[in-house]
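Dear colleague,

Please find below the structure that I am handing over to you.

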Amino acid sequence: MQHNRAVGAAPLNAVGLAMDLNRRRFLGLAAASVSAIYAGGRTVATSAKLPRGHILPAAHHLTCEYRTNPLGIDAAKPRLGWQLAPALHAVHQTAYQILVAGDLSKLESDVGDLWNSGKVDSEESVDVVYNGQPMRSSLRCYWKVRIWYSNNVRGEWSEPAVWEMGLLAPSDWHAVWIGSPEIESSDAFATAAAPYLRTVFRMDGPIKAARAYVCGLGYYELYLNGTKVGNQVLAPAQTDYGPRNLQHLLYPVRDNGLKRVLYNTYDITSHLRSGNNAVGVILGNGWYNQRARRVEGWMWYGQPRLILQLRIEYADGTVMLMGTTPQWKVATGPILQDAIFTGETYDARREMPTWCQADFDDSAWSSARTFTAPGGPLQAQNCPFDRVVETLAVTALVRPVRGLEAQIFQPKPGLYGFDCGRNFAGWVRLKLRQPAGTKIKIQYIEDSGLRYGQSDTYIAKGRGEEVYEPRFTWHGFRYIEVSGCVNPPEAQAISGRCVHADVQSGGAFECSSPLLNQIYANYRRTQLAAMHGGVPMDCPHRERLGYGADGHLSAQSAIYSFDMHRFYIKWAQDLADAQGPRSGFIPHTAPFEGGGGGPAWGSAAILIPWYVYLYYGDRRILETHYEVMRKWVAFLQSCTNHLGIITHEEPGGWCLGDWATPETIAVPPELVNTCYLAHLCNVMADIAGIMNRQADVARFKLGARRATGAVNAKFLNVARSGYSIERQGANVFPLAFGIVPSAVESKVFDQLVQHIEKTTHCHFDTGILATPLILDVLTRHGRADLAMAMMSQTTYPSYGWQIAIGATTLWEQWNGRGSHMHPMFGSVCAWFYRDLAGIKPVRRDPGFKTIDIAPHLVPGLTWVRAQYHCPFGNIRSDWRWQGGQLALDVTIPTGSTAVVTLPEVGDAKVRCNGRAVEASTEVIHVLKPARSDRGAKVLTVPAGHYRFDYNPQRVR
């Protein structure tokens with residue numbers, strides 16, 4: 001099945017890979033596909049052919065729903081993908097064939113009994129939709145792919161891959177929700193001890209495969225025969241689980257969105273044995289029973305509960321199902337209290353070492369109680385698990401420690417302090433020898449000195465060396481205080497455990513500026529610390545909420561830095577679920593847990609799917625959430641006054657505007673709100689075009705014109721060529737979102753530059769929304785040098801000032817007040833990749849099918865190195881000065897084409913891989929670069945490695 005990336009775009013996939021076609025025609029179409037970036041131009045081309053009969057490497061890195069050999073897939077038509085051998089020069093896929101079989105032996109015999117796609121003429125290697133026999137629950141699907149390259153050269157079959165379906169219908173669950181018979185008061189703030197649940201079942205005969213499908217709310221750990229299953233923590237991922245009785249809300253919102261509950265699938269084959277087997281689960285409160293923080297309101301769902309089903313397939317083909325029932329046994333153990341905001345209390349004297357062994361005596365345990373289902377349907381979790389990803393050594397604190405305006409640690413008898421070296425999210429692992437009953441308190445402290453009520457308490461059992469780390473909580477901290485010990489703890493017995501969503505690294509950036517490198521390192525740490533349960537949180541300690549603005553502002557930086565595809569698919573669903581079905585209003589946090597904001601916050605419901613489409617080429621996310629996005633725009637339009645200005649959200653709501661500016665917020669929130677409306681309408685016009693909804697295209701374009709007109713009528717002072725109070729933010733929103741009339745655009749930009757240079761002396765005066773837009777606007781208008789100057793400051797307010805006084809992560813406020821782990825100001829790190837290294841996706845050919853390589857040379861940098869792993873493979877853009885010459889190294893993965901803009905060429909002679917570029921058979925010249933690229937040379941290149949050398953000629 002061929003998958004077109006963008007309706008209305010030049011169809012590169014139909015022509016770009018047939019290298020035996022007329023090369024000039026191919027490249028002419030390729031140039032047309034990026035006409036939105038570069039204006040016109042003729043093409044010069046030479047052809048490249050492969051010898052017939054030549055065998056090229058097989059496809060590799062096969063994925064299903066963006067995972068390798070996944071279990072528990074519940075998409076009715078899963079999306080398949082693969083990558084080609086890296087950077088094969090002038091070689092492209094022209095066709096593929098997929099075989100999917102229900103048995104590995106059939107696949108090895110080239111039989112696709114579930115699907116044989118046949119030879120499909122297509123360059124698609126990402127998001128290829130399965131189109132075979134209908135999927136059914138627990139079906140195991142083996143598959144492989146072979147591809148055809150240029151000149152009809154066929155590759156070998158890939159190595160086999162596999163995916164396995166989860167439970168696709170409610171009727172496939174042969175289990176009920178169970179939990180502790182002890183009933184908590186619906187209005188009580190305290191929670192009960194963690195339930196331990198268990199049962200024993202018998203298994204006779206050899207087995208072929210066994211699976212566990214499990215959801216424990218809020219969190220769970222699964223054990224089989226005494227061993228924990230999997231290395232995940234804090235599972236499952238957080239959602240709006242079901243209806244709840246919201247009370248005492250700080251912010252008036254109805255909890256009437258959609259609900260869902262995520263379950264996990266495990267391969268438990270190796271955990272089972274013939275005879276009796278024990279399965280056990282420990283339940284934690286998590287978000288489901290979060291009663292400790294009540295600032296935003298009373299928002300808990302109910303007490304912990306479990307549903308679990310085992311599917312055991314014997315070697316003879318018979319299947320045994322075993323699920324949770326009221327006959328399971330339940331008791332409490334050493335976890336006396338657990339809460340994500342406050343911590344855990346663990347009494348090791350109450351441990352039951354063999355509680356999950358088959359021969360454990362549970363006669364004193366109670367029978368489990370049946371619980372009602374949470375309310376949302378059970379669906380498979382596809383986003384990454386949280387895991388312990390790193391262990392940090394600590395050093396002992398022997399003298400007082402102070403932070404920014406705060407006392408962090410003061411030594412005194414019985415109080416021991418330790419430093420993990422930097423802020424992070426997670427917990428402590430503690431090894432100790434203490435008398436029985438010794439109550440040890442571990443307090444967690446951020447480098448700001450703030451504790452946010454975070455502590456764990458461990459009560460020793462007094463039997464040799466004991467090892468403790470909590471299960472159902474996490475903390476944000478750098479420093480640790482330990483008190484209550486009889487025997488002093490030693491630093492080598494304590495370690496910091498970094499915990500966050502286990503997203504893989506997606507990119508790397510480094511340059512000649514140690515300051516920029518440190519800003520980027522601090523951003524990466526902060527972003528990771530704030531990702532838990534499939535939610536990009538504002539911070540890992542005080543609020544831990546999925547604020548929409550915080551999430552979408554840092555999203556492009558996160559995508560460049562990590563593989564965020566599955567993570568953002570999940571969060572986009574959370575945003576959609578939180579939407580009011582009638583009003584279209586999207587709360588400021590998703591999953592909804594309270595919190596304030598404004599129109600820019602709910603706009604994540606449009607911008608996150610848009611970024612996922614732009615960077616990953618995922619069209620399905622736009623299709624899935626189109627109505628959600630349309631209704632959000634309609635809601636915002638309903639919030640305008642008679643002038644077309646957004647003045648409010650829902651009754652009692654907030655409109656924060658450009659939050660977290662260095663001084664008091666001065667830019668009118670109405671300006672920010674209405675500029676966002678214009679921007680969202682323009683984005684939605686693009687999305688409607690991709691969806692081939694032409695009537696909606698016209699409607700959204702009209703909405704953009706109306707919002708633009710309203711902003712200009714209300715806030716533009718034509719005589720002064722500025723907006724509102726004429727500070728950075730006031731001018732940058734209209735400039736960034738294309739609102740400024742062309743007749744005064746240059747004057748408004750000049751005023752912005754003057755304000756930066758003369759008033760703020762190259763410092764930011766912006767909040768979380770405008771800060772990244774400043775860099776974008778300056779760069780697009782030819783002043784990347786000024787953007788670099790702002791990023792290089794070391795006096796207040798600046799990133800450099802924070803680092804100079806010890807920041808290891810990014811702060812919530814420029815002045816250091818509040819949290820020291822907030823990722824939203826990390827939005828500027830996208831500029832490092834996008835503009836300094838120059839790696840950008842192309843809107844008309846998303847997912848880096850066409851890559852825009854356009855680095856900017858800025859004063860203060862002598863080299864930049866960046867790489868980004870796109871859906872087709874690794875992209876690299878490295879530039880450096882060498883004796884007055886510029887060397888630019890570029891790598892384009894097989895399956896992609898790049899438009900490379902060489903900056904400041906002028907009349908200089910350019911060499912490509914050692915030869916004059918005019919004589920090169922490897923590049924195609926595209927003349928007449930856009931006005932903003934004066935003096936540049938623009939080239940279109942196929943996959944491969946390139947080195948360009950020339951002597952840049954300054955044009956400004």
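The notes below go through the findings by topic.

Please bear in mind that this is a predicted model.

**Aromatic pairs**

In total, 49 aromatic pairs were counted. One of them is formed by Tyr130 and Trp163, whose ring centres lie 5.7 Å apart; their planes meet at 80°, so the pair is edge-to-face. Tyr130 belongs to the loop between β6 (128-129) and β7 (140-149), whereas Trp163 is in strand β9 (residues 161-164), so this contact ties together parts that are 33 residues apart in sequence. Are these two residues buried or exposed? Tyr130 has 1% relative accessibility and therefore counts as buried. Trp163, at 0% relative accessibility, counts as buried too.

Ring pairs also build a cluster, which links Phe509, Tyr520, Tyr523, Tyr560, Tyr615, Trp831, Phe832, Tyr833, Phe848 and Tyr868.

The charged end of Arg294 sits over the ring of Phe189, at 3.6 Å from the ring centre. In a further case, the charged end of Arg369 sits over the ring of Phe371, with 4.2 Å to the centre.

**Salt bridges**

Side chains of opposite charge can pair when their charged atoms come close. The search of the whole structure gave 46 salt bridges.

Glu184 and Arg291 form a salt bridge in which the closest N and O atoms are 3.6 Å apart. Glu184 is in the loop between β10 (178-179) and β11 (195-203), and Arg291 is in the loop between β17 (275-284) and β18 (305-314), so the bridge ties together parts that are 107 residues apart in sequence. Both Glu184 and Arg291 are buried.

A salt bridge also joins the side chains of Arg471 and Glu221, with 2.7 Å from N to O. This pair links distant parts of the chain, 250 residues apart: Arg471 lies in the loop between β33 (466-468) and β34 (475-483), and Glu221 lies in strand β13 (residues 219-224). Glu221 is buried, because its relative accessibility is 8%.

In the salt bridge between Glu757 and Arg783, the closest N and O atoms are 3.4 Å apart. Glu757 is part of helix α14 (residues 742-759), and Arg783 is in the loop between α15 (771-780) and α16 (784-791), 26 residues away in the chain. Glu757 counts as partly exposed at 33% relative accessibility, whereas Arg783 is buried, with a relative accessible area of 17%. Elsewhere, salt bridges with shared partners join Glu65, Arg79, Asp618 and Arg620 into one network.

**An open sheet**

Which strands form the open sheet? There are 7 strands, in the order β36-β43-β44-β45-β51-β47-β48, and their pairing is antiparallel. β36 (507-511) and β48 (915-916) stand at the edges with a single partner strand each, so one side of each has no neighbour in the sheet. Within the sheet, strand β45 (residues 885-892) and strand β51 (residues 944-950) are joined by 7 bridges. Ala887 has Asp949 in β51 as its bridge partner.

**Backbone features**

Most residues other than glycine have a negative phi, and most peptide bonds are trans. The following places depart from this pattern.

- The peptide bond from Ala235 to Pro236 is cis, with omega near 0°; Pro236 lies in the loop between β15 (232-233) and β16 (261-267).
- Ala590 and Pro591 are joined by a cis peptide bond with omega about -10°; Pro591 is in the loop between α7 (565-578) and α8 (599-602).
- Asp110 has a positive phi, near 65°. Asp110 is in the loop between α3 (104-108) and β4 (115-116) and is partly exposed at 41% relative accessibility.
- Ser721 has a positive phi, near 55°. Ser721 is in the loop between β39 (716-717) and β40 (722-723) and is buried, with a relative accessible area of 8%.

**The surface**

Leu250, Val295 and Trp654 make a nonpolar surface patch of about 270 Å². Trp654 lies in the loop between α10 (620-638) and α11 (669-690) and counts as partly exposed at 32% relative accessibility.

Yours sincerely

Terms used: Residues numbered from 1 in each chain as written. Predicted model: local features only at pLDDT ≥ 70, side-chain atom pairs only at ≥ 80, totals over all residues. Heavy atoms only, no water. Phe/Tyr/Trp six-rings, centres within 6.5 Å; stacked < 30°, edge-to-face > 60°. Helix = DSSP H or I, 4+ residues; strand = E, 2+ residues; numbered from the N terminus. Buried < 20%, exposed > 50% of the residue type's maximum accessible area, 1.4 Å probe, protein only. Lys NZ or Arg CZ within 6 Å of the ring centre and 35° of its normal. Patch = residues over 30% accessible without salt bridge, like charges linked within 9 Å, V, L, I, M, F, W, Y side chains within 5 Å. Areas by Shrake-Rupley, 256 points an atom, 1.4 Å probe, with all protein chains shown as cover. Salt bridge = Lys/Arg side-chain N within 4 Å of Asp/Glu carboxyl O. Pairing = 2+ DSSP bridges.
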